[in-house]
Amino acid sequence: MDVDAFAGRLSFFWNAHNNVLEEVAKFRASRRVWAKVMKERFHAKKAKSMMLRFHTQTAGSMLTAQQPNNNIVRVALQTAAAVMGGTQSLHTNSKDEALALPTTESVTIALRTQQIVAYESGLADTIDPLGGSYYVEALTNKLEKECWEYINKIDEIGGAPEAIAKGYIQKEIQDSAYKWQMDVEAGRRVIVGVNKFTQEEEPPKNLLRVDGSVGKLQAEKIAKVKATRDNAKVKETLDALEKACHEDESTNLVPFILAAVEAYATEGEICGVMRKVFGEFKAHTAL
């Protein structure tokens with residue numbers, strides 16, 4: 001396919017972490033990198049093909065179980081960073097997501113956070129509100145440079161699939177996560193309420209508890225579907241999918257999967273067929 005036939009419909013999913021200006025620079029740098037990749041590597045000609053569209057979710061990994069009300073402030077800052085960075089859509093996490101699925105109250109606070117930033121803060125009134133800031137521009141340049149270093153390294157390895165197969169990408173993520181945690185434990189990185197400004201707390205109250213009957217109801221619904229569907233047709237479509245899985249790598253499995261879905265095969269049954277043929281991916285445990 002010609003790249004311009006579909007590139008304008010591609011979009012990304014970013015996380016927004018706590019360092020506001022770094023996050024803004026990250027989003028800005030990503031747009032530069034994407035435009036350059038599409039133009040120079042894939043020879044796109046349409047402007048829409050070079051425009052990076054992205055959704056942002058505030059970072060659940062940045063939320064703490066300790067002093068969960070602090071997470072309201074964290075999410076507000078992450079939301080502001082995403083908006084100033086030019087996100088097209090946004091999901092705001094709830095304050096209690098480090099402890100459980102959110103309650104209606106905490107979901108409402110998360111929603112109001114987004115609405116206050118959108119309608120009261122003025123941050124959404126202009127494109128790239130921090131453009132021209134010396135610090136943000138310098139940080140954007142730095143992040144873009146480091147991003148290209150990663151891309152070039154992955155190219156040298158043989159591309160992303162090969163880099164994953166060799167454990168390179170996993171190791172980079174693990175090393176980064178380990179350094180982060182060591183910095184927190186050593187106090188070099190302050191997490192309010194965790195390693196600084198701590199206090200004695202009572203166990204959290206009013207957390208959402210999912211009723212066990214939900215799982216039972218879902219199992220009953222699946223059993224009903226299996227009892228009323230055309231099971232001969234299900235078997236036929238799953239057998240066809242298995243046969244297709246055994247063919248060469250160029251075989252498009254999507255039509256076979258859709259046929260199984262239309263016959264009311266379950267996701268578990270479909271995945272089971274593919275698991276039987278391909279096995280399961282085993283991540284590197286020692287890198």
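I count two rings of Phe, Tyr or Trp as a pair if their centres lie within 6.5 Å, taking the six-membered ring for Trp. Planes over 60 degrees apart make a pair edge-to-face. I apply this to a predicted model.

**Aromatic pairs.** How many aromatic pairs does the rule give? The count comes to four. I looked up Phe12 and Trp34.

Phe12 has a relative accessible area of 26%, so I log Phe12 as partly exposed. Trp34 is at 14%, so Trp34 goes down as buried. Which residues make up the aromatic cluster? I list Phe12, Trp14, Phe27, Trp34 and Phe54 as one cluster.

**Charges over rings.** I found Lys36 over the face of Trp148, 5.2 Å from the ring centre. I also noted Lys196, whose charged end sits over the ring of Phe197 at 5.3 Å from the centre.

**Ala260.** I located Ala260 in helix H9 (residues 254–262). Is Ala260 buried or exposed? Its relative accessible area is 0%, so Ala260 is buried. Leaving aside residues up to four places away in sequence, I see Ala260 touching Thr237, Leu238, Ala265 and Ile270. I also took the C-alpha separation from Ala260 to Val234.

**Surface patch.** I turned to the outside. Leu101, Leu208, Val210 and Val214 form a nonpolar patch there, with about 350 Å² of accessible area together. I traced Leu208 to the loop between helix H6 (168–186) and helix H7 (213–228). Leu208 has 35% relative accessibility, so I record Leu208 as partly exposed.

**Whole chain.** I count ten helices and three strands. Along the sequence I read β-α-β-α-β-α-α-α-α-α-α-α-α. The C-alpha atoms fill a box of roughly 65 × 55 × 45 Å along the principal axes. The chain has 287 residues, and 30% of them are buried. Of the contacts with a separation of 6 or more, 68% are between residues 24 or more positions apart. I put the accessible surface at about 18700 Å². Carbon and sulfur atoms hold 57% of that surface.

Notes:
Residues numbered from 1 in each chain as written. Predicted model: local features only at pLDDT ≥ 70, side-chain atom pairs only at ≥ 80, totals over all residues. Heavy atoms only, no water. Patch = residues over 30% accessible without salt bridge, like charges linked within 9 Å, V, L, I, M, F, W, Y side chains within 5 Å. Areas by Shrake-Rupley, 256 points an atom, 1.4 Å probe, with all protein chains shown as cover. Salt bridge = Lys/Arg side-chain N within 4 Å of Asp/Glu carboxyl O. Helix = DSSP H or I, 4+ residues; strand = E, 2+ residues; numbered from the N terminus. Buried < 20%, exposed > 50% of the residue type's maximum accessible area, 1.4 Å probe, protein only. Phe/Tyr/Trp six-rings, centres within 6.5 Å; stacked < 30°, edge-to-face > 60°. Lys NZ or Arg CZ within 6 Å of the ring centre and 35° of its normal. Contact = heavy atoms within 4.5 Å.
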